[in-house]
Structures are given as structure tokens and as C-alpha cells.
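Try each task before reading its solution.

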Amino acid sequence: MRFYRNVVSRTLENGVRIFVFPQPGTAVEVECFVRTGSIHEGARLGYGLSHFLEHMLFQGCRDYPGTAAADAIDRLGGSMNAYTSYDHTAYHANLAGRHLPEAVRILSRMVRFPEFPGARFAEEREVILREEEMGRDNPDRLLYTRLNASIFQEHPLRHPIIGYRELIAGVTRDIMVDYYAERYTPGRCFWVIVGDTEPERAFDLVEAEMADWERRSLAEPAIPPEPAQCTARSDAFSFADPLARLACGVRIPEISHPDIAGCDVLAGILGMGDGSRLVRRLELESQLAVNLRSFSCSQGAGGLLAVTASAVPAKLGKLESALKRELEAIRKGALSKAEVEREKTQQYAEHLRELRGIREIAANIGGGVIANGSPDLSDIYLERLEKLTLDDINRIAAEYLEPDRFSLVRQHPQSRKRKAAASAKKPQLVPQLTTLGNGARLVTLSDRRLPIVDFALVLPGGTIFERPAESGVSGLAADLLTAGAGPWSEGEFLTRLDACGASFSVNAGLNSFMIECSCPRRHFAEMFRLLKAAIAAPAFGQAEFDREKANRRELLKSREMSPRAAAEDRCRRLMFGSHPYGWGTTGLPEQLDALTREQVAEFYFSRLVPEQVIFGWGGDCTSEETQKWTRELVAEIPWRRERIDLPPEPVFPEQPQTAEIALPREQTMVIRAVPGPALNDGRLSMCEILFQAENGLSSPIFKLVREENSLAYSTGMRLSGGFHPGWLLFYAVTTAESAERALELLGSEQKRLAVNGLSETEFDAAREGAAFTAARGAESVAAALNSTLLSLHYGRDLNECFRHEAELRNTGREELNALLASYLSNPAAVRVLAGRLPNRKETEK
């Protein structure tokens, strides 16, 4: 399949390239790439100039002072952001296709005419320092950083993209202006536009903005090649977390190299899914790892293939030894043809899934241009993937898994002391509802543009349906549903899933228990056999139960050490008390410890009440087919008849509640939350407009906490609720010294909203953004199927997902502000601080 063969391109006289790929739908993805990243910083390597520069381009440019660029996109109902990589920086916007001219104009102004306002420079530097601190608070990110530095010892890839704290602190405005003038040039710039547009229109828009950009510096910094590694390397560090971790990696070639498809397949076989070899052997069977995954990533300058794992500290040594034995066996030819074919199928299926999203399509085009100068590298990659044989993978394993090429990093726990065609019409998805003979319901959402079949099933499970003594049981049941089913052991089941390219997930949320899967149509028959077994006859084996319970317990310990997680968990308990929402989806340690395999199995099977079960099929299928498939499923399920009722609604605290949790972290998470609405009364969906307003680069809370006061890198608000009232939560990740001030600012924003509500400008932009998000959700088969099933689960309308955009657009500002006043004026707010706590005496001074 040559999907990208119809990308249309044009090159301007000054070197700017434009790639356009029309796709059906409402939206357009506009991305402006500049081929400069952290490896291009020359004499100031490690200063994070490329990343810092990306931040500054959002602080004002010609015609758009301050944050006006992001605000303008926000008012159009779209979203914009940027990222910095090792070898490029990308600025992207997603919005309705009719607004393409505005997006091109805004992005071009940002890239060509930044203003670097002096008043914002020092403040943004502080924001970046907070971001760097967040990275140092994340053990998994630290592990990757240390592994990367071990594998690359000469090449600039060895340095983190964000740079180093002490060097970031020394960046001046003059340094930034000079770096911009040197690196942001037309010859390094190209555009990718995907979605609702005509090629000629897109070309004309970009040319009008970029054609007069004069060429400047063409020189590239000298980048030293990485010498061949001739002996194994190791490194170790300590981190305040109860879990130990290790990472074992090897260097692989640049992304356009013919071996990369094989490296990706090898990584998938090792540990990219629950059915992969190392996950089965080291996590599921021997239980040496709490969590294990592998990955393969490469840029234009090279990359790495690695396995990472977490474990209880006492098992780290055994895990390392077992991992080395497994890798050596694979290097010597232990893989089978079936393993290779399964992983090839998985990667083919994932490739199809990527083609469903214009953001992913644009990223693939951009990646191909950066790595190979051509937008169709993804198609070339797929051709190489499909040609791979067992012999190819054995050759790659023998070469790249050579022990002398390994770099190994250990993290020990630290003592707690210390095609170009005219744009297609907007796709119309129409759900069909059928009630089966036993009372269960079936939704069909056909979309035959791609050969993928989607399935979803909603059961009356999740936190709200748990009893206090069994908190967390939904999550354990979800973990175990693929741990062996029907005639297949866990390993056999997972292996078969991989072989048919299936994406299979079981999720236990606050209000539901959902099974979702998809696979290419050509492998549907096998996936359906597995699906029937998983739903009707999961094994719930004792050994697997013991393992998953132990792993959940260890992950709970780690969660207790995370400022974000610990703060949110404590906030739940203060807000919801003994109501199931109070323990969330993770459950409580003491109840988790007491759960038995029999309780978990009984909980799952007791959910199979016909009138409360909803089946869903989507994608490449017809209503006749889905009714046939569902009847087959219904015939095998051991149905129950006792209806599952909801508990009483939560009783919220009448007085303010405060908690502080001291943790050995650099950052502090602060939360301010108030009781919120339920979904079924219609008010929670209205709050999506508030959510849109208070999250993103143009949000009032972002500007207040980050832009004006430089107190936090991450800030925003969340909302939750379902069958019962939930919460509205404001948060910021800051420092201990700024925690009290950040809480004050969150409180002042809450008060502003309670008294004055959203301004007309804020409301119009947020409503447009929320409506645009709703429109996009109604265009995606998987997302629309999920939403439709959940709507029925909550007792709402079949077509809610498809009319949600119109409902949001019909919401009035006065109506929303009255709702905000009723909730945000509640004096019984819950305040939580978690992480490094403030020194009260210093704070008072």
C-alpha cells in the first residue's frame, strides 16, 4: 500500500518546501518544521537553545504580541503547540479547514518575525527550569537520559534536548537572538499540511507568507561521528522511589537505514506488548519484573534499541541476569518464524491505525522529509517491513545484540532520608442500535474506508460499582482478562493476539468496565475466537492473580511517591470520603491486599447482566455481520440476572479540607478542588467549555500562574464525574517555595470564575474549541464507538456523540457562568500539597 504516493510538493526559490496531502474530514493539520534541534547548538551544546527558542516564539511576534498567536488559534476553536527534537523543531496547529489562511499566517509570523520581548525572557527561562526539574523528578525519564548518555559518548545525541540547568540559567536574550538568526533560515524550513484543503490553495497561502524570506546562513556545525562501541558499558544512580529499574540498550542506525524495520520488529518481539517474549517470561511467568517494555527509536543521526524494566529492589540482580540470558539466546537464533510474523502483523496493524489521524499522517510526512528528504519514507518502511524474514531478524539480532554493544543502566532506590485529490466530504457516521433477545444492546458504526474492525463492550463495572471492601477489584479484573482464556494459557493467548495484529485493551474507569479491540479485517476470524474466549471464559488463574496483585501493590507504592498521584489520591479521599470515587481506579492498599482470586472472578462474572451490557462494532463491517457476530458471543457468555445497582451519592465535606504530603522530590504538586456536577444531569458536559478555557497556552490559569508569575511549568484544571457528582480541580506543579503562592493564584482564579465567570472572549474561544473537539470525536470510528456506548451506559441518547457539537455551540455564556457560580463559590474547597513542602518560616519572611 503506497499511501503517501499522492503527497504533492512545491519548493520556493528561497528553499522553503511545502508538502500537501488532502484528507477527508473537518480539520486541517498545519505544521511548520525547522531543521534545527539540540544537536545543532555548536559551541553552546547543552544550553537547550533550540528548546528555549521554541518557547520564546510563543511570547510575541509581528502582528501577534505576547500570547496573541495562541489566543487567535484558540478563538478559532483550534489548538496549537510545538515540540523540539534532537534534529528539528516543529510548530503545529489543528483547526477547522476553513481557517487554514489564519493558521498559515500565524505560524509564519512566529517563525519569521519573533520579537523576543525582554520582559518575558527571564520569566520563560524560569518556566523552562521548572520543566527541567520535572524531568529530574521522573525516574523513567532519568533512566532514559542516563542510557542515552552511555550509548552516545561523542555525538551530541548524548545530551538532553532541554539542556542542563546551570547552562540554561546562563542563556541571555542576545545569545537567543544570534542563534535564531543563524538557524532559522528558509533553506531549513518546510511545511506539511494535511486534511481539509486543496493543494493549490495551500501552496498559494504558504508562498504568500514565505517567498520573500531571504536566504541566510547555510553552514552547519561540525557533528562528530559516534565511534563503534567495542566493550559493554554500565552506569548506576539512585532515586527516591521504592521500585528499582534497569535499562539495557544498543545503538542502531539512522532512521532511513534498511535495518530499522527489522530493529523495530526485534524490539516488538522483545517487549512491546503483553504477549511479547520478555514480558511473558520475565514479568508474567518468572515475576522478576513489575513492568517491562522495549522500544526502538531512531533519528536522522542514529538511535537506540532498548529494554527497560522496573522491579522490587531484591529482584533487580536476578532480573538483570535473566534479561541477559534471554537476549543472548535471541542473538543465537532462538526466535521463531511465528514470532516474526506476529510482530510484522502488529506493526502493519499499527500502521493502518496511524492512517486514521491527520496529526499522525503529518508527523509521518515530516519524519520522512527530515530523514530522507521525501514524504514517503513511511511507505518505504512498510515495504521493507513486509519483506522481512526470520533470517533477516536473526541477522539483525546477531549483529545488534552482541554483548559488547550493550549499555546497561541501573536505578537503585534511594533511602528516604536523604493521494493528491480534491478534499473529500466530511464523513458521516450513523450508529445503528439493536436490542437482542436477552435484553442486551448492540451498536453498529460502519466505516469501510480502511480494512480495520473495531469492537467495544461496556459492563456495569468500574470504581462506582465496587464495595468498600473490594476497592481496586475492577482494575485487577481488567488486568487478568487477557491472562489466559478458553483453551489458551496466558502466553498462548497473548501470542495469538499479536499474530492477528490486534490491539486489545481492558480498562476499568470510575464509572465503567470496557473491553476494546481492533484488528485488520483479514485477521478478524482469529481475533474473534480470542475475543469470545476472553469475554466468556477468562481463566483467572491463581498464579497470574498473585502476580498482578503483587505488581499493583508495588505500583501503588511508587504512586505514593509521585507528587501528582499522591496529591490527587489524597484529594479524592478528602472530597469523596467513603464513596467509591474516594479510592479512585487504583483502590486502597489494605483492600487490595485482602482481595482473593475468587472475589475478582466473581466480580467480573457478576457484571454479565444482559440489560446492562452494551456491545459495539465499528469500522469495516455491516449491521448484518455485527448481529451475527454478537449472537455468537451471546450464546457463549454465562449470563447473570441480578441487576447491579449504584451506591448512594457522595456526601461532600461542609468545611474546607487541607492536607500536606512530604515527598523526596524537587517539585511540589498543589491542588484546589471543589465538588462538581454529574454527567447525567447534563451539566458536566457544559463544563467541557470550562475545561477548554482553562487548559492550553491561552488559558487564563496558564497565563496567571506561568506567564505572569513564572511559578509553574504545568498548570490547568481537570473535571470528572459520571453517574454521581464529581469534582472540578485546579492544579499546578511548582516549587516548595512557590507552593503557597501558587495555591493563592489557583484560589483567585476560582473566585474570578465564581464571581465574573468567563469573559465573552474567553467563552467564545473555549466554546469553539470544545465544539471542534466534539466534531473531531464524531469523525473517528473508535472514539465515536466508545462515546456512543458510554452514552447508552449512562442512560443517555444513542446519538449524543453526533449532536454534541451542536449542543456545545448552543450553550450560552450566561448559562455556563451561572453554573460555574453555583459550583465554584462552594467554600468547602479541598487543598492538597504533595512533594517538597515549603519552609513556613521562609515563606513568612
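This is a predicted model: local features need pLDDT of at least 70, side-chain atom pairs count only at pLDDT 80 or more; totals for chains, interfaces and linings use all residues.

Residues are numbered from 1 along each chain as its sequence is written, and side-chain values use heavy atoms, with hydrogens and water left out.

**Exercise 1.** Find how many disulfides the model holds.

Solution. Start with the rule: two cysteine sulfur atoms must lie within 2.5 Å. The count is zero. Take C571: its nearest cysteine sulfur, that of C687, is 16 Å away. Now check burial (buried: under 20% relative accessible area; exposed: over 50%; partly exposed: in between; 1.4 Å probe, protein chains only). C571 is buried, because its relative accessibility is 0%. C687 is buried as well, at 1%.

**Exercise 2.** Classify the ring pair F465 and F723, and locate both residues.

Solution. Rings of Phe, Tyr and Trp (its six-membered ring) pair if their centres lie within 6.5 Å; planes under 30 degrees apart are stacked, over 60 edge-to-face, the rest tilted. The centres of F465 and F723 are 5.8 Å apart and the planes stand at 80°, so the pair is edge-to-face. F465 is in the loop between β16 (452-459) and α16 (473-480). F723 is in the loop between β22 (714-720) and β23 (727-734), 258 residues apart from F465. Helices (H or I, at least four residues) and strands (E, at least two) are DSSP runs, numbered from the N terminus. Both phenylalanines, F465 and F723, are buried.

**Exercise 3.** Which ring does the charged end of R522 sit over?

Solution. Apply the test: NZ of Lys or CZ of Arg within 6 Å of the ring centre and within 35 degrees of the ring normal. R522 sits over Y348, 4.1 Å from the ring centre. R718 lies over the face of Y731, at 4.6 Å.
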